[in-house]
Amino acid sequence: MSEEARAEASAGYAMGRLEMALERALTSDDLDVRRRAAARVDAWRNVLDGMASGRLTIGSRTPVADTPAWVTLEVAHGGFATGRYVAEAPLREDELARLPEDAPGETDRERLNLWFLSDEGLAELSQALRTGNYRVDVPEESALLVVAWLLEREQYAAALDLTSELRPLMHRFRFTPTFSPSSAPAGSVVRLQPVGEVRSMLRQATVRPRIAAMLETLRVWNPLYDRLVAMWCDTVDDELPELTADGTVVGGWPCRVWPDDWVERRSQWLDEFRAAAEVHRPRHPKSNFARLQAALERCPSDSSALTGREVGWIRRALANTIQAHGAPGSEARAALRTTQNAVAARPTYATLAHLLSCRLDRFPDDGGLPTLDAIDGEVTADEVPAAAGSAIPAHLLAKAARALEAPIGELVDRGVISSGEVLAQVLPQITSQLLAANIEDPTLAAAYAQTYAAFRRRRSLLLLNLEHQVRFEELPWVDAVAPYRDRRAQATRAAAQSLRETAVIALTAFPQTILPNPLVRELGALASQADLKLPLVEEVAADIFMGTFTEKWRAAAAMASRVLSGTLYAQYYALPAAWPALEQRRYKRWGKATADDFAEVCSRRALEAQTGNGGYVAKNGTVLEQSQILTTHNLAVLVDALQLTDWLREVAPDLADRAFAWAVQRQTQPPTAWITELQGIKNTAYAWRQAIFYLSFCDQSAQRDVLTRLGERSGALGPRIAPAVAGLRQVAAGDRFNSEGRTARGGRRLLGWSVGPHWLARHGLSRHDLHQY
């Protein structure tokens, strides 16, 4: 695909995202959703404007013109830079208070940055380093801290070089931290969100409209309705009206007798009704309530203003409510209202969410919860009188647990860490400390750890031509302190242990999914700290695949062939027995060493799935899937390098069983659109592959048991997935797939991508040639 075509595709993607955001901003009933969508509209407009003007080059490591690669950029969905700098922000009140009137510079930001390079400013930075009274939210915010640290140690040349590199951007960027204590978790605990974010989320809870309407009826309208019915019943001259089996009204007639206190009761009721109507929604105009209320308005002392037909409607309304709920004062009506009042008295989800948020008030906004016991416990009368003695629901405590500081394993068990992506989000809290442990000076180590954690919050860019994301060491202030970071044996061992524990957690908790790219990068950082050279590979997007791979893909495939030789996985996917040594001639593209021979193997193997007509994205997808098959997408590398084989043999039956169960369950979900059908097939095939990997570490007896359960579960899908189940069973029994992915007995190899309609699809796909999932 040409660069021009890729540029057009990128612009089309950005335009599509802009249209989606505009629709959401204009049509959503939720104000917060509209606000977030409006922010996305601005971001995508910036993307399109930047692309049109040439200021943005999508796919480059430096997508914003005249901007160093290390600058933290605002990045929209899909890796599109918007052109905005995250570290560029107006001065806050505390910063304005520090700004001298006579400070040099063209902007307030430049004047403040330069003031921090004065003796007084450097002294404040040094004091913050010593006391730990600072917080780094964006990587750039630790830059002048490093300058101050270097100057304290008389490293004037290094400090000058760093300052010179920062100087051109001092008029725009915030290069200093927030001067408040950091409350980042320490040791082996992590948290998903700070208390402030969880509190805000809880306080946004509202009562669903249908629940609110029900409670309004129970608390406001039912008491008024019962009094209204009783008033009209008091005007009946005989037995109260009732309905017969055929719907005929029998019994006495209303408006025949008028109680002495009618005028007073009527006036009082109408006053209360009008007060309620000003706050609450009116009743349906054709409801019994509305009919009786309208009649009451026209009967100040008698029914002379009513027609006979209207009196008949009053009689039928009374018969309806008596039939449904019992007469006023009856045991049936009293029992119903007692039950309904008990329901109405229960605290709503929103009430308890707000109560829980109030219990969080005593914890710092940017901190975490040491334990959930601090906010759990029965509701007291002081908090919500009507709910005194009630327990906080488990689902609300689960939301509060997002601020809980605990080991990763505990948060996985609690469901707080619910995916590999979330695991990658919290892992830098540990990795940062392990990397900083190589620095002897504790003040620099603390700043280093905070900078790393902030750096990992950066969003990845969309990159072409085998470019790699900006590395932490490329930050100029991190590079400046590289000489002060040694490789300590204790830190190396701790990183190796953390890497092993994290890999075990990821495989155990999410056996059905491939390791997401953020987690792969974090595992790579741990491996580097542990002095392990692991060929960990990322998932490549099909729409930006450049047709080749770097050499680590080939190395990972060679390791997978060795580890899985003779196993079910090797037989099912026909892995090469071995990979020949690298040829003397090295492949190179865009100045990078590539594994073109590996790419050629992937392309040949992908022909199995290229049986129809389709676009370049679908074709790329089939090639990329083969790269994942050949490398096992990091599973073999981790199991072998981290010596997890014995552990895996013990847990493999369970992991395989769960991955297969997920795959079958995914196929029971009806697709809502063509794109969800394609995504479902792809994810099913990926889970299938993961399960086969685990199954390869089971003995034959365990394999048979797992496959038996797979057959039982898949029965719910009918004949649709039967060829895949049959194919797996037949290969386990010794059969082989041919070049078309079929066995002699009708089994099929399950792959996730296809050029043309996929055989697992429920129906024909109107846009199958795109395959952009």
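Which elements each supply at least two residues of the lining of the second largest pocket? The report returns to this under the second heading, after a note on the model.

## Model

The structure is a predicted model.

## Second largest pocket

The elements in question are α2 (31-53) and β1 (73-76), each of which supplies at least two lining residues to the second largest pocket. The volume of this pocket is about 500 Å³. Its lining comprises 19 residues, and those nearest the pocket centre are Glu74, Val75, Val86, Arg457 and Arg459.

By class, the lining of the second largest pocket consists of 10 nonpolar, 3 polar and 6 charged residues.

## Second largest cavity

Rolling a probe the size of a water molecule over the atoms shows where empty space is left.

The greatest contribution to the lining of the second largest cavity is that of α19, with 4 residues. The lining divides into 7 nonpolar and 2 polar residues, with no charged residues.

## Helices α28 and α30

Two packed helices are described by the angle between their axes and the distance between the axes. For helix α28 (residues 645-668) and helix α30 (residues 700-714), the angle is about 15 degrees and the axes are 10 Å apart. Because of this angle, α28 is roughly parallel to α30. The crossing of α28 and α30 is right-handed.

On the α28 side, the contact involves Pro653, Ala656, Asp657, Phe660, Ala661 and Val664, which meet Ala702, Val706, Arg709, Leu710, Arg713 and Ser714 of α30. The residues of this contact comprise 8 nonpolar, 1 polar and 3 charged.

## Helices α10 and α11

Helix α10 (residues 262-279) and helix α11 (residues 288-297) cross at roughly 125 degrees, and their axes come within 11 Å. This angle therefore makes α10 oblique to α11. The crossing of α10 and α11 is left-handed.

From α10, the residues making the contact are Trp262, Arg266, Trp269, Leu270, Phe273 and Arg274; from α11, they are Phe289, Gln293, Leu296 and Glu297. The contact of α10 with α11 contains 6 nonpolar, 1 polar and 3 charged residues.

Methods: Residues numbered from 1 in each chain as written. Predicted model: local features only at pLDDT ≥ 70, side-chain atom pairs only at ≥ 80, totals over all residues. Heavy atoms only, no water. Axes fitted to C-alpha atoms, helices over the stretch in contact; angles between N-to-C directions. Parallel < 35°, antiparallel > 145°, perpendicular 65-115°, else oblique. Left-handed = near helix turned anticlockwise from the far one by under 90°. Contact = heavy atoms within 4.5 Å. Nonpolar A, V, L, I, M, F, W, Y, C, P; charged D, E, K, R; others polar. 1 Å grid on protein atoms, 1.4 Å probe; cavity = no way out; pocket = protein on both sides within 12 Å on 5 of 7 lines; lining within 4 Å. Points joined across faces, edges and corners; volume = space filled by probe spheres on them.
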